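Here are a few notes to read alongside the model. Please keep the 3D view open and find each place as you go.

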Amino acid sequence: MLLFNPISTSFTLKPTAHHHNHHRNLTVFSQIQPIPIPITTTNLSISDESLRSKGFNLHRTITDLNLDHLNSVFVAVGFPRRDTEKIQIALENTDSLLWIEYEKTKRPVAFARATGDGVFNAIIWDVVVDPNFQGIGLGKAVMERLVTELLRKGITNIALYSEPRVLGFYRPLGFIADPDGIRGMVYSRRKNKK
């Protein structure tokens, strides 16, 4: 379980939290109270200008996003291949999303999205970076911007699912284990064996 921790991140926030843990996936609930200091782009680890200078374009809509190429990134990081028509529907029902395109290939190389009620709660999904572009800060760039956007909307509960092997990625972004040990549950279609 992870909790948003302003000490280890560049965001200026006042946290309280509830988190949920689930067998192989980790649910991270972070209740965040914005304080009057505005969140600015100077808090980002890499600026939009720096991204552009390195050949990357940042997008906040699905316009120009090739879903087959996005699906290839999902598969490259170990997600199952998805039906692109269903991806389209999921993205149309997404409240906030960010993706980074590599200028030379016009392909997405980093992506994250959030769904929620638009007021109190959001869940971050599908945080991926093409393996050929990992380790250069693109995942962090997408996450920082997505969390900032959610906070600007006044959303105070931010959750995400993560496999244990990548928890180390989220900790420097300000997420820490839930000190209360609250556990989440996920509906399973499998019948319980007695």
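Helices (H or I, at least four residues) and strands (E, at least two) are DSSP runs, numbered from the N terminus. Please remember that this is a predicted model, in which local features need pLDDT of at least 70, side-chain atom pairs count only at pLDDT 80 or more, and totals for chains, interfaces and linings use all residues. Residues are numbered from 1 along each chain as its sequence is written, and side-chain values use heavy atoms, with hydrogens and water left out.

1. Let us begin with two loop residues. Most residues other than glycine have a negative phi. K106, in the loop between β6 (96–102) and β7 (107–116), is not a glycine, yet its phi is positive, near 60°. D64 sits in the loop between β5 and α2 and also is not a glycine, with a positive phi of about 70°.

2. Are these two residues buried or exposed? Buried means under 20% relative accessible area, exposed over 50%, and partly exposed in between (1.4 Å probe, protein chains only). D64 has 62%, so it is exposed; K106 has 44%, so it is partly exposed.

3. Now look at N57, in strand β5 (residues 56–59). Its side chain makes a polar contact with the side chain of E103, at 2.4 Å. A polar contact is a pair of N or O atoms within 3.5 Å; within protein, one must be able to donate a hydrogen and the other to accept it, and residues adjacent in sequence count only if both atoms are side-chain atoms. Neighbours within four places in sequence aside, N57 is in contact (heavy atoms within 4.5 Å) with R52, W99, I100, E101 and E103.

4. Next, two helices. The axes of α2 (residues 67–76) and α3 (residues 84–92) come within 10 Å and cross at roughly 95°. Axes here are lines fitted to C-alpha atoms, for helices over the stretch in contact, with angles running from 0 to 180 degrees between N-to-C directions. The two helices are therefore roughly perpendicular, a word used for angles of 65 to 115 degrees. From α2, L67, D68, L70, N71 and F74 meet T84, I87, Q88 and L91 of α3.

5. Finally, the aromatic rings. Rings of Phe, Tyr and Trp (its six-membered ring) pair if their centres lie within 6.5 Å; planes under 30 degrees apart count as stacked, over 60 as edge-to-face and the rest as tilted. The whole structure has six aromatic pairs. F169 and Y170 form an edge-to-face pair, because their ring planes lie at 80°, with centres 4.9 Å apart. Y170 is buried at 5% relative accessibility, whereas F169 is partly exposed at 31%. Ring pairs also link F56, Y102 and F133 into a cluster.

Key. Parallel < 35°, antiparallel > 145°, perpendicular 65-115°, else oblique.
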